[in-house]
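Work through the following exercises with the structure open beside you, and try each task before you read its solution.

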Amino acid sequence: MHTDPNCIFCKIAAGQIPARKVYEDDELIAFHDIAPWAPVHILIVPREHIGSMQEVTEAQQALLGRMMVLSTRLMRELGVTNGYRHVINTGADGGQEVGHLHLHVMGGPRPWNKG
């Protein structure tokens with residue numbers, strides 16, 4: 001599995017930087033966003049370093065599916081019952097701030113107020 005020693009999300013996945021984790025397994029880690037845009041705002045991040053959606057191939061198809069299914073489970077476990085939003089920013093023009101693929105899942109009242 002490819003990782004980037006300079007990537008903050010790779011460091012979080014490796015346990016080198018603390019995070020408020022809500023889930024982890026061999027492929028994925030999920031944690032609360034440090035600058036939330038909603039009452040519940042988590043990131044689901046592959047442990048493998050994938051720079052963005054632009055780098056995704058058919059080889060990651062199952063991984064992306066797992067991310068989406070996991071998001072539903074985690075929102076339910078975190079008490080979000082009235083809907084939530086999925087966002088994957090891609091590239092600089094798409095608003096991606098960290099160069100590692102990640103899925104934002106935001107729930108609670110009006111999670112779109114900031115963006």
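**Exercise 1: the largest pocket**

Describe the lining of the largest pocket by residue class, and then say where in the chain the lining comes from.

Solution. Begin with the classes: in this predicted model, the lining of the largest pocket is made up of 14 nonpolar, nine polar and four charged residues. Next, consider the space itself, which comes to about 650 Å³, and note that, of the 27 lining residues, Asp-33, Leu-43, Glu-97, His-102 and His-104 are the closest to the centre of the pocket. Finally, turn to the elements: α1 (8–13), β2 (28–32), β3 (40–46), β4 (84–87) and β5 (103–107) each supply at least two lining residues, and α1 gives the most, with three.

**Exercise 2: a residue of helix α1**

Decide whether Ile-12 is buried or exposed, and find its contacts beyond four places in sequence.

Solution. First locate Ile-12, which is found in helix α1. Ile-12 has a relative accessible area of 6%, and because buried means under 20%, Ile-12 counts as buried. Then leave aside the neighbours within four places in sequence, and Ile-12 is in contact with Ile-17, Ala-19, Lys-21, Ile-29 and Phe-31. As for Phe-31, its C-alpha lies 9.4 Å from that of Ile-12, although the two residues are 19 apart in sequence.

**Exercise 3: the nonpolar cores**

Which residues touch the most other members of the largest nonpolar core?

Solution. Among the 17 residues of this core, Ile-44 and Leu-74 touch the most other members. The core draws at least two residues from each of β2, β3, α2 (61–77) and β5, with α2 giving the most, six residues. A second, separate core has nine residues, including Phe-9, Ile-29, Leu-43 and Val-45.

Key. Residues are numbered from 1 along each chain as its sequence is written. This is a predicted model: local features need pLDDT of at least 70, side-chain atom pairs count only at pLDDT 80 or more; totals for chains, interfaces and linings use all residues. Side-chain values use heavy atoms; hydrogens and water are left out. On a 1 Å grid over the protein atoms alone, a cavity is a set of points where a 1.4 Å probe fits but cannot get out, and a pocket is an open set with protein on both sides within 12 Å along at least five of seven lines; lining residues have an atom within 4 Å of a point. Grid points are joined across faces, edges and corners, and a volume is the space filled by probe spheres set on the points. Helices (H or I, at least four residues) and strands (E, at least two) are DSSP runs, numbered from the N terminus. Ala, Val, Leu, Ile, Met, Phe, Trp, Tyr, Cys and Pro count as nonpolar, Asp, Glu, Lys and Arg as charged, and the others, Gly among them, as polar. Buried means under 20% relative accessible area, exposed over 50%, partly exposed in between (1.4 Å probe, protein chains only). Contact means heavy atoms within 4.5 Å. A nonpolar core is a set of buried Ala, Val, Leu, Ile, Met, Phe, Trp, Tyr and Cys residues joined through side-chain atoms within 4.5 Å.
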